[in-house]
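Thank you for asking me to look this over. The numbered points below are meant for someone opening the structure for the first time.

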Amino acid sequence: MEFKNDPYGKAINAYNSGKRGEEIIVHSDMCDDDIMPVDYLFRTFDEMPKIEQIALGLCKGKVLDVGSCAGVHGEYLAKKGLNVTTIDTSKGAIQHQKSIGLNAHHYDFYLYTESGFDTLLWMMNGIGIAGTLANLENTLLKAKERLAPGGIMLCDSTDIKYLYEDDEGGFWVDLNTNYYGEFQFKNEYDGVESEEFNWLYVDYQKLEAAALKVGLEIRLVLEDGFSYLAELKRK
């Protein structure tokens, strides 16, 4: 299989071929390169962060797992008896998910049209696909269209303001620039790079304001350090 612009797909394929202990490199325009252990994409429920465990416990009914990657969340929910659909833009990831029996589809969320879901699941800062704060309301409107009445959207994110704080707690950011949670990333694995993409880390107050503006109820489920889990509900 070709893995052009699909480092996650290639990494998942390599893991399934027996390679362990390898890493995906995350390049950023705002900070030093980060690494994502490929093994982490295949974590068990017990190995998941508390935020993810709680989110999975809140899922109900017909579930859409957005940006599902290696499918660990969808697989867990399917084994619990929920009706799970997964979507991802990585062809390699979707090929793997199909091989483990998931109802997986290669789709960009913004082009996906199926609706009537009781739960939309966005883990690992999946709401970051909004890219910019200006596009957050549009992303939430698309999510609302996918939900059945009374349906919920579960998402986690991180307030990365701490990156701009000095040792005395002062907040240093140029107010004339874009929102401090807007990044540009590029992923790389074994010589395969993704295209550069925009990614958003949104603080809870900004998410709350956007949710209320598009007619979604919202509650803060959990705070864990600088990260949080939110539940947004269609009325």
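1. Aromatic rings of Phe, Tyr and Trp, the last represented by its six-membered ring, are taken as a pair if their centres lie within 6.5 Å. With that in mind, one aromatic cluster can be picked out, formed by Phe183, Phe185, Phe197, Trp199 and Tyr201. Please keep in mind throughout that this is a predicted model.

2. A search of the whole structure finds 14 aromatic pairs. In one of them, the ring centres of Phe109 and Trp122 are 4.7 Å apart and the planes stand at 70 degrees, so the pair is described as edge-to-face. Phe109 belongs to the loop between strand 5 (103-106) and strand 6, whereas Trp122 is part of strand 6, so the pair ties together parts that are 13 residues apart in sequence. Both of these residues, Phe109 and Trp122, are buried.

3. Tyr179 and Tyr180 make up an aromatic pair of the tilted kind, with 4.7 Å from centre to centre and 40 degrees between the planes. Are these two residues buried or exposed? Tyr179 has a relative accessible area of 13% and Tyr180 one of 12%; because the cut-off for buried is under 20%, Tyr179 counts as buried, and so does Tyr180.

4. The largest nonpolar core has 36 residues, and the members that touch the most others are Leu120, Trp122, Leu136, Leu140, Met153, Leu207 and Leu232. Helix 6 (residues 204-213) supplies the largest share of this core, namely four residues. Another core, of 15 residues, lies apart from it and includes Met48, Val72, Met123 and Leu154.

5. Which residues does Leu140 contact, once its neighbours within four places in sequence are left aside? They are Ile127, Met153, Leu207, Ala210, Ala211, Val214, Leu216 and Leu232.

6. In helix 2 (residues 50-58), the buried residues are Ile51, Glu52, Ala55 and Leu56. They lie on the same side of helix 2, because they cover an arc of only 130 degrees around the axis. An α-helix has 3.6 residues a turn, so residues three or four places apart point the same way.

7. Two arginines deserve a look beside tyrosine rings. Arg20 lies over the face of Tyr15, at 3.7 Å from the ring centre, while the charged end of Arg43 sits over the ring of Tyr40, 4.2 Å from its centre.

Key: Residues are numbered from 1 along each chain as its sequence is written. This is a predicted model: local features need pLDDT of at least 70, side-chain atom pairs count only at pLDDT 80 or more; totals for chains, interfaces and linings use all residues. Side-chain values use heavy atoms; hydrogens and water are left out. A nonpolar core is a set of buried Ala, Val, Leu, Ile, Met, Phe, Trp, Tyr and Cys residues joined through side-chain atoms within 4.5 Å. Buried means under 20% relative accessible area, exposed over 50%, partly exposed in between (1.4 Å probe, protein chains only). Helices (H or I, at least four residues) and strands (E, at least two) are DSSP runs, numbered from the N terminus. Contact means heavy atoms within 4.5 Å. The arc is that of the directions from the helix axis to the C-beta atoms. Rings of Phe, Tyr and Trp (its six-membered ring) pair if their centres lie within 6.5 Å; planes under 30 degrees apart count as stacked, over 60 as edge-to-face and the rest as tilted. A charge sits over a ring if NZ of Lys or CZ of Arg is within 6 Å of the ring centre and within 35 degrees of the ring normal.
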